[in-house]
Amino acid sequence: MSNTILVTGATGTVGTESIKALSNRGLTVRAGVHSLIKGDRLKQLNPDVQLVELDYDKPQTLQVALTGVNRLFLITPFTEDQVAIGQRVIDAAKQAGVQHIVRLSVAGAAVEPGIQLGRWHREVEKYLEQSGIPFTHLRPGSFMQNFVNYNADSICQEGKIYMPLGEAKVSYIDARDIAATAAQILSADTTEHHGKAYELSGPQALGIAEAAAAIGQATGQPVHYVDVPEETARQAMDKAPTWMRDAMLELYRLSKAGYTANITTTVEDITGCAPHTFEQFAQHNSHRFKAKS
Ligand SMILES: NC(=O)c1ccc[n+]([C@@H]2O[C@H](COP(=O)([O-])OP(=O)(O)OC[C@H]3O[C@@H](n4cnc5c(N)ncnc54)[C@H](OP(=O)(O)O)[C@@H]3O)[C@@H](O)[C@H]2O)c1
């Protein structure tokens, strides 16, 4: 039996790292990409990767992408229809005879009533559990890469990180460690991870002032944390849709209440390697945070 793995959202933060982490494992790795042009750079990370167009709104592309696939890393985007997308892919995977789905979920998805971000993920998790396809849920906390994706501009231009997080601590995880964990599970020739849900975290919980200091240390340029009142943060996100703004502000309140600092040993338990520290992440990405001269 061939071992063909499809990664959805393959050009995204976790997807890109997963394509790299799945290389050199004797597997056929297929990257489901929204746009083939955007996906081309994945070949530099994994020269053997197969690129396949995958648009959640075009069911036929799902069918083609899943042909011959037996394992799936299901990453859905942060969109209003994320639950419907997840369910659509699970239905198509069942049709295609996929034998194991590793699902990228979120920390705290099983908490009830929890927060909206977790409830959306839990809905997809439950749908997957009821599909009869063997599954593994990965539930990471906030990604370290959020600082690259959302804070790099103000860091480069002003040496500042604006966040409404007060003194909250967050056990940020490096997306490379999520990818390494997923790759280990997807390439394992055992069923030991079937039916399991794993909470994933980085090795330390840190506040934004500490994250800012680590980034400043890595670039040699000071970075300061500006604690933003919730109302100001709401206004700053006025271009974002209401559902997204509300979900993010709810997450920040959860952090301020102390619920996002949990540390687990799961990454090391599964991969055998200690997860990256924030300092290592900052060093690795220092070029993304440097002021342009
Ligand atoms: N960020 C965090 O701190 C965090 C923490 C825990 C869990 N999560 C979860 O992680 C997931 C997101 O992962 P990520 O950050 O790696 O993703 P991401 O970087 O936002 O990338 C999303 C991917 O989905 C693709 N995509 C978007 N719309 C599509 C469509 N209609 N058809 C096909 N592909 C489409 C994008 O391609 P294009 O760019 O080409 O459109 C991109 O490759 C979400 O479920 C989120 O809840 C995030």
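I count helices and strands as DSSP runs, numbered from the N terminus. The model I am reading is a predicted one.

**Entry 1: the loops**

I began with Pro 113. I found Pro 113 in the loop between β5 (100-104) and α6. I then checked the peptide bond from Glu 112 to Pro 113. That bond is cis, with omega near 0°. Next I looked up Asn 24. Asn 24 sits in the loop between α1 and β2 (28-33). Its phi is positive, about 60°, although Asn 24 is not a glycine. I noted both spots because most residues other than glycine have a negative phi, and most peptide bonds are trans.

**Entry 2: α5 with α6**

I turned to helix pairs. Two packed helices are described by the angle between their axes and the distance between the axes. I took helix α5 (residues 82-96) and helix α6 (residues 116-131) to start. Their axes come within 9 Å and cross at roughly 15°. Angles under 35 degrees count as roughly parallel, so I wrote down α5 as roughly parallel to α6. The crossing of α5 with α6 is right-handed.

Which residues of α5 and α6 make the contact? From α5 I listed Gln 82, Val 83, Gly 86, Gln 87, Ile 90, Asp 91 and Lys 94. From α6 I listed Trp 120, His 121, Glu 123, Val 124, Tyr 127, Leu 128 and Ser 131. I sorted the residues of this contact into 6 nonpolar, 5 polar and 3 charged.

**Entry 3: α6 with α11**

I stayed with α6 and looked up its packing against helix α11 (residues 242-256). The angle is about 110°, and the axes are 8 Å apart. The range for roughly perpendicular is 65 to 115 degrees, so α6 is roughly perpendicular to α11. On the α6 side I found Gln 116, Leu 117, Arg 119 and Trp 120. They meet Trp 243, Ala 247, Glu 250 and Leu 251 in α11. The residues of this contact divide into 5 nonpolar, 1 polar and 2 charged. I saw that Trp 120 is listed in the contact of α6 with α5 and in the contact of α6 with α11.

**Entry 4: α1 with α8**

I moved to helix α1 (residues 13-21) and helix α8 (residues 175-187). Their axes come within 8 Å and cross at roughly 50°. I therefore put α1 and α8 down as oblique to each other. Their crossing is right-handed. In α1, I listed Thr 13, Val 14, Glu 17, Ser 18 and Ala 21. Their partners in α8 are Ala 175, Arg 176, Ile 178, Ala 179, Ala 180 and Ala 183. I sorted the residues of this contact into 7 nonpolar, 2 polar and 2 charged.

**Entry 5: the ligand**

I finished with the ligand. How many residues surround the ligand? I have 23, and the closest are Thr 11, Val 14, His 34, His 121 and Asn 146. Val 14 has a backbone N or O atom 2.8 Å from an oxygen atom of the ligand. For Asn 146, a polar side-chain atom lies 2.8 Å from a ligand oxygen atom. For Lys 38, a polar side-chain atom lies 3.0 Å from an oxygen atom of the ligand. Val 14 was already in my notes, as one of the α1 residues that meet α8. His 121 was there too, as one of the α6 residues in the contact with α5.

Notes. Residues are numbered from 1 along each chain as its sequence is written. This is a predicted model: local features need pLDDT of at least 70, side-chain atom pairs count only at pLDDT 80 or more; totals for chains, interfaces and linings use all residues. Side-chain values use heavy atoms; hydrogens and water are left out. Axes are lines fitted to C-alpha atoms, for helices over the stretch in contact, and angles run from 0 to 180 degrees between N-to-C directions. Helices (H or I, at least four residues) and strands (E, at least two) are DSSP runs, numbered from the N terminus. Angles under 35 degrees count as roughly parallel, over 145 as roughly antiparallel, 65 to 115 as roughly perpendicular and the rest as oblique. A crossing is left-handed if the near helix is turned anticlockwise from the far one by less than a right angle, and right-handed if clockwise. Contact means heavy atoms within 4.5 Å. Ala, Val, Leu, Ile, Met, Phe, Trp, Tyr, Cys and Pro count as nonpolar, Asp, Glu, Lys and Arg as charged, and the others, Gly among them, as polar. A residue is near a molecule or strand if one of its heavy atoms lies within 4 Å of it. A polar contact is a pair of N or O atoms within 3.5 Å; within protein, one must be able to donate a hydrogen and the other to accept it, and residues adjacent in sequence count only if both atoms are side-chain atoms.
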